[in-house]
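Let's take a friendly walk through a protein model together. Have a look at the structure first, and then we will go through its parts.

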Amino acid sequence: MASQNPSYEDLVATVEYLLDEQKRLTQRLTFAERTARELYDQAQYANNLARSAQNFVNLAQEQKKRAKKSNAGIPTTWIGGSWLAPSEAVLAPAEKAWQEGNAQKALNIVGPLFQRHDMTVSEDVHMNLFTSAILRASGDLAQSAKYAEDALVIAKEAGSYMLASKAEFHRGLCYLKQNRFAQAQWCLVLASHLEGHQDQIEANRVFAEERRLNLGPSDPGRKLDLTYI
């Protein structure tokens with residue numbers, strides 16, 4: 001008996017089935033590629049973070065040992081949730097004003113210090129970071145980040161990794177407020193050996209990592225901008 005040729009309708013149904021199957025396979029392949037790319041990006045992120053931070057942390061540890069000896073026995077207090085006082089004697093009146101709840105008075109006291117030319121590197125870094133901390137607390141994140149960046153430049157140019165660690169801490173808090181969680185985590189890793197700040201650093205670093213992982217794969221806050229390093 002001669003075999004019956006498939007009808008036109010059967011051929012159309014078969015082609016449609018094959019096209020649908022091709023579409024499903026393509027979607028699965030795209031998903032697999034996207035997953036693999038995301039895993040690769042996360043691995044690269046972790047590797048870059050670890051490699052670039054190690055030398056910085058080692059140098060900061062050495063300077064921390066020396067600083068710990070000179071600062072032993074001095075009582076400290078947190079102001080505004082992110083500023084550890086006392087820092088520098090020249091900032092004591094401003095720290096007192098902020099601790100009493102008068103942030104604007106504190107900024108007014110610090111302002112004229114930027115016109116002085118006899119400031120030490122440590123005083124220069126601290127007055128920038130103090131200003132950054134007040135501006136961050138008041139919601140002026142752009143200016144807060146600028147002062148933290150200025151402090152970091154001064155510290156690095158002076159070769160002070162402990163001061164640079166403090167600048168990274170405050171810069172990390174700025175990025176955290178801006179929902180730039182990858183950058184925030186990076187800064188907080190670099191600040192991880194800052195004396196007296198470890199609990200604050202670790203709590204904010206963990207928070208930044210949790211928030212980063214909750215972002216979508218294409219969200220700019222999830223990935224570290226390598227030009228930033």
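Among contacts between residues at least 6 apart in sequence, what percentage join residues at least 24 apart? In this protein it is 61%, where contact means heavy atoms within 4.5 Å.

Before going on, a word on the model: it is predicted, local features need pLDDT of at least 70, side-chain atom pairs count only at pLDDT 80 or more, and totals for chains, interfaces and linings use all residues. Residues are numbered from 1 along each chain as its sequence is written, and side-chain values use heavy atoms, with hydrogens and water left out.

**The overall layout**

The protein has eight helices and two strands, and along the sequence they follow the pattern α-β-β-α-α-α-α-α-α-α. Helices (H or I, at least four residues) and strands (E, at least two) are DSSP runs, numbered from the N terminus. Of the 229 residues, 36% count as buried. Buried means under 20% relative accessible area, exposed means over 50%, and partly exposed lies in between (1.4 Å probe, protein chains only).

**The cores**

A nonpolar core is a set of buried Ala, Val, Leu, Ile, Met, Phe, Trp, Tyr and Cys residues joined through side-chain atoms within 4.5 Å. The largest one here has 24 residues, and Trp83, Leu91, Trp98, Ala106, Leu129 and Phe130 touch the most other members. Strand E2 (83-85) and helices H2 (92-99), H3 (103-110), H4 (121-138), H5 (141-157) and H6 (161-177) each supply at least two of its residues. The largest share, six residues, comes from H4. Another core, of seven residues, lies apart from this one and includes Leu188, Ala191, Leu194 and Ile201.

Leaving aside neighbours within four places in sequence, its contacts include Leu91, Trp98, Leu129 and Phe130.

**Two helices side by side**

Two packed helices are described by the angle between their axes and the distance between the axes. H4 and H6 pack at about 15°, with their axes 10 Å apart; axes are lines fitted to C-alpha atoms, for helices over the stretch in contact, and angles run from 0 to 180 degrees between N-to-C directions. H4 and H6 are therefore roughly parallel to each other (angles under 35 degrees count as roughly parallel, over 145 as roughly antiparallel, 65 to 115 as roughly perpendicular and the rest as oblique). Residues making the contact include Leu129 and Ser132 of H4, and His170 and Cys174 of H6.

Ser144 lies in helix H5 and counts as buried because its relative accessibility is 0%. Not counting residues up to four places away in sequence, Ser144 touches Ser132, Leu135, Arg136 and Cys174. A polar atom of its side chain lies 2.7 Å from the backbone oxygen of Ser132.

Helix H7 (residues 181-190) is largely enclosed by the rest of the structure, because ten of its ten residues are buried. Among them are Phe181, Trp186 and Leu190.

**Two loop residues**

Asp140 sits in the loop between H4 and H5, and Gln178 in the loop between H6 and H7. Asp140 counts as partly exposed at 32% relative accessibility, and Gln178 counts as partly exposed at 27%.

Leaving aside neighbours within four places in sequence, Gln178 is in contact with Leu141 and Ala142.

Definitions and conventions. Polar contact = N/O pair within 3.5 Å; in protein donor to acceptor, adjacent residues only side chain to side chain.
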